[in-house]
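I opened my notebook and went through the structure piece by piece. My entries follow in the order I made them.

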Amino acid sequence: MLKKFDKKDEESGFPAYWLLPIFGSHLLAILAPNQALRSYVTGGGTNPFQHLEKSAVLQEARVFNETPINPRKCAHILTKVLYLINQPTLRRMCYLTIKEMSRIAEDVIIVTSSLTKDMTGKDDNYRGPAVRALCQITDTTMLQAIERYMKQAIVDKVPSVSSSALVSSLHLLKTSFDVVKRWVNEAQEAASSDNIMVQYHALGLLYHVRKNDRLAVNKMLNKFMRHGLKSPFAYCMMIRVASKLLEEEAGGRDSPLFDFIESCLRNKHEMVVYEAASAIVNLPSCTAKELAPAVSVLQLFCSSPKAALRYAAVRTLNKVAMKHPSAVTACNLDLENLVTDSNRSIATLAITTLLKTGSESSIDRLMKQISSFMSEISDEFKAWKAIPFVVVVQAISALCQKYPRKHAVLMNFLFTMLREEGGFDYKRAIVECIISIIEENSESKETGLSHLCEFIEDCEFTVLATRILHLLGQEGPKTNNPSKYIRFIYNRVVLEHEEVRAGAVSALAKFGAQNEEMLPSILVLLKRCVMDDDNEVRDRATFYLSILEQKQKALSAAYILNGLAVSIPGLERALHQYTLEPSEKPFDLKSVPLATAPITEQRTAENSPVSAVKQPEKVAATRQEIFQEQLAAIPEFRELGPLFKASPEPVALTELETEYLILCTKHTFAAHMVFQFDCTNTLNDQILENVTVQMEPTEGYEVIGYIPAKSLMYNQPGTCYTLVALPEEDPTAVACTFSCMMKFTVKDCDPNTGEADEEGYEDEYVVEDIEVTIADHIQRVLKPNFGAAWDEVGDEFEKEETFTLSTVKTLEEAVGNIVKFLGMQPCERSDKVPENKNSHTLYLAGVFRGGHDLLVRARLVLTDTVTMQVTARSGEELPVDAVMASVG
């Protein structure tokens, strides 16, 4: 039975047992283990901790040293310790309980009067927590009843009470904006308080009330900029608001807001100075001149005795160095001093910043400093905390691209790091960095390959070993002395486990396919591998041996050097489908979707160490395979054959703000094209029915039919299709422009109920034209060895023409335009033009619709304009003619 709430209880606020009607069984369940507290809360006993002594509790705390530990006894002593710590503020713990349990309470209104009394009482220790608890349990309907008390609390002279009221008002804005905005006058009065937290909270409330009114926010900022502030926290908030307004303005560097942020760089508070510097650095399109004062301040912070300031400064300078490395050059001396900082995070950031801003002459000195930094770090830290070192390695890779002549120094440094102990992520980052340097800088190839060969002699990670073997097979045969790599590769066959042995066999086969002098020796080694214990190794050795013994370059190019350009998941699905539906017809490899990425990137199993045991995962369908299934489900498209290509991204035919949103995706088949239109009706008072997009071609394309979207409700997307036959009279005329018009039946409807009229009317809507180019008929395919593929195709259907690109002024621009126009895959990194060159050769590979391999070699010469000599090869005449007709 609960005790009655008498006058004595009223004077003290409320007793603990008044929590019971609010929280019911939840509170009793929490207190079940402690009978004394349970009795006190239910009103049947006195406070069990009333006469506790600290010394006695400390003596009892020895039970924590007992073995085995007694959880119940320890929990009871912890309760006593908490009581002693919070004895002056026990009632505040009740407030906290009310706040945390208000969501599961049975009736919270019962404590409103008690909280209101505490809120207006004389004890300041209770007033602030009472305000927060009351606002937490008060809903919109009850808020007006306590509005008078909240206004008084906001302007209260006690800082803790005023701050509590302001923060609570900020939370109430989400549910009761109209009520809280009436408290603006009180918040403005609080903003002039001498207390830094009250001023900060008042400014926050004022901004959130006015943030949707740009003019009001500007007036507020101008007022406080004139009169000044005492709170550094308020200054930081003003800086953030000012920078947000500047980002929304165009060319706002002459604005008084920017002058205010810059003036804060001279504030006496360090946090304000840093906030201002950070705001200037993060402003978009900020010039080096505008950055200079912020960088000077950050440079001073680099020598601060406070680790937090040093970290903040070097982190911000690192961000500046990404876009304006020259602006940070003046800080290089201070950054070099931070390389030896005791805080590893600061040292790492200093190193990566120096790698971005350092000059070519300072690289040698910088590498020595970094070596010293790396040598001081334990192997365990490298193994488990690899992220900072991965960042350093990535910065070294970028530096090597910036200064290619320094590749020897950087490569030696990376190899020194590679020989040290470290975890998988640490080693992988270094290996990938060395490989990227090899790919970007041909002069570093032999040095890098030699370092990697030494590394795999004692490599414990299967993924890295197979990755390096694949690189050796790809790049090793092109070096001046390819035979020196054979020993390292064959050692893997003798010493390693099956996955690495299989990779080594493939690498040996690539050497034999590209070097006739080494072929007899390679055949001997492969014959030894035929007797291997593992099935995969034996099968690879037997397969490569039979191909190499034929001594046919075309055969070697197709099955060893370039391999199958098909999607591995797609091949698996196609073979599975073929076994389910037996046919006398042989399996057609052209029915398999082409690979849109190199096959080595499709194998997800190579992304983790061999020690990790992985469960078989279901391979996700590609975007093209999803479209293939969707189109095959439509009866009109079943006879079109396999989908050759789907456009990478849908094209918008309308603006986002218009009545209807239409996106077009182009699907190319062997003799047809299907245009998929994803339509959305943005009008809530209309329903569209029988929606089609009528198309009128300008060339030899022929529209066969339309498949309408039956109904388009408000904001519910629908799809319609248009089927078009490719030109038959002139199959090389693949480029075409279609004019488009959406036709539909409109039925007006009630926006609230969605009920539509029975009768409608015909309407139409003009949309943007659709362009079909040569790129829609070619699928990108990577040929790792372009020369072998070129020889394999042969010159039976080869054409060569010369063109002048009059509007193009640089080789880089010419290469980018050609790749985009033809939609083919650049090979052997030929899409990257070396610096200070006036000639370049671009190699492109692809497959023309119908499954015909297509190769293009474009020789570019830069004079006043760019002259281009295009040579195209294919196994059929049509792809070559189509490319030449399109380029011409």
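**Entry 1: a loop with positive phi**

Is Glu828 buried, partly exposed or exposed? I noted first that I was working with a predicted model. Then I looked up the accessibility. Glu828 has a relative accessible area of 34%. Buried means under 20% and exposed means over 50%, so Glu828 is partly exposed.

Next I looked up where Glu828 sits. I found Glu828 in the loop between β13 (825-826) and β14 (839-848). Its phi is positive, about 50°, and Glu828 is not a glycine.

I then checked Arg829. Arg829 is in the loop between β13 and β14. Arg829 is not a glycine either, and its phi is positive, near 55°.

**Entry 2: the partner of Arg829**

Which residue forms a salt bridge with Arg829? I found Glu475, with the closest N and O atoms 3.4 Å apart. This pair links distant parts of the chain. Arg829 is in the loop between β13 and β14, while Glu475 is in helix α30 (residues 462-475). The two residues are 354 residues apart.

I compared the cover on each partner. Arg829 has a relative accessibility of 29%, so I wrote it down as partly exposed. Glu475 has 2%, so I wrote it down as buried.

**Entry 3: other salt bridges**

How many salt bridges does a search of the whole structure find? The count is 22.

I picked out Lys230 and Asp194. Their side chains meet in a salt bridge at 2.7 Å, N to O. Lys230 lies in the loop between α15 (214-227) and α16 (232-248), and Asp194 lies in the loop between α13 (184-190) and α14, so the pair ties together parts that are 36 residues apart in sequence. Both residues are exposed.

Then I looked at Glu496 and Arg492. They form a salt bridge, and their closest N and O atoms are 3.4 Å apart. Are these two residues buried or exposed? Glu496 counts as buried because its relative accessibility is 19%. Arg492 also counts as buried, because its value is 1%.

I also noted a network of salt bridges. It links Glu147, Lys151 and Arg182.

**Entry 4: a buried arginine without a salt bridge**

I turned to Arg210. It is in helix α14 (residues 196-210). Arg210 is buried, yet it has no salt bridge. Which side chain of opposite charge is nearest to Arg210? I found Asp213, at 7.5 Å. A salt bridge needs the nitrogen and oxygen within 4 Å.

I then listed the contacts of Arg210, leaving aside neighbours within four places in sequence. They are Val184, Gln188, Ala216, Val217 and Met220.

I looked up Arg857 next. It lies in strand β15 (residues 852-862). Its relative accessible area is 16%, so Arg857 is buried.

What does Arg857 touch, apart from neighbours within four places in sequence? I noted Trp790, Glu800, Thr841, Leu842, Tyr843, Gln869, Val870 and Thr871. I followed up Glu800. Arg857 and Glu800 are 57 residues apart along the chain, and their C-alpha atoms are separated by 9.3 Å.

**Entry 5: helix α35**

I moved to helix α35 (residues 553-561). Which of its residues are buried? I wrote down Ser556, Ala557, Ala558, Ile560 and Leu561. I then looked for what they pack against. The buried residues of α35 pack against α32 (498-514), α34 (535-548) and α39 (786-793). Just after α35, I found Gly563 with a positive phi of about 70°.

**Entry 6: a cis peptide bond**

Where does Pro68 lie? I found Pro68 in the loop between α4 (54-60) and α5 (71-85). A cis peptide bond joins Thr67 and Pro68. Omega there is about 0°.

**Entry 7: a charged patch**

Last, I searched the surface for charge. Which residues gather in a patch of negative charge? I noted Glu655, Glu657, Glu768, Asp769 and Glu771. I looked up one of them further. Glu768 lies in strand β10 (residues 761-772).

Notes
Residues are numbered from 1 along each chain as its sequence is written. This is a predicted model: local features need pLDDT of at least 70, side-chain atom pairs count only at pLDDT 80 or more; totals for chains, interfaces and linings use all residues. Side-chain values use heavy atoms; hydrogens and water are left out. Patches are made of residues with over 30% relative accessible area and no salt bridge: like charges are joined within 9 Å, nonpolar side chains (Val, Leu, Ile, Met, Phe, Trp, Tyr) within 5 Å. Accessible areas come from the Shrake-Rupley method with a 1.4 Å probe; for residues, only the protein chains shown count as cover. Lys and Arg count as positive and Asp and Glu as negative; His and the chain ends are not counted. The place of a charge is taken as NZ of Lys, CZ of Arg, CG of Asp or CD of Glu. Helices (H or I, at least four residues) and strands (E, at least two) are DSSP runs, numbered from the N terminus. Buried means under 20% relative accessible area, exposed over 50%, partly exposed in between (1.4 Å probe, protein chains only). Contact means heavy atoms within 4.5 Å.
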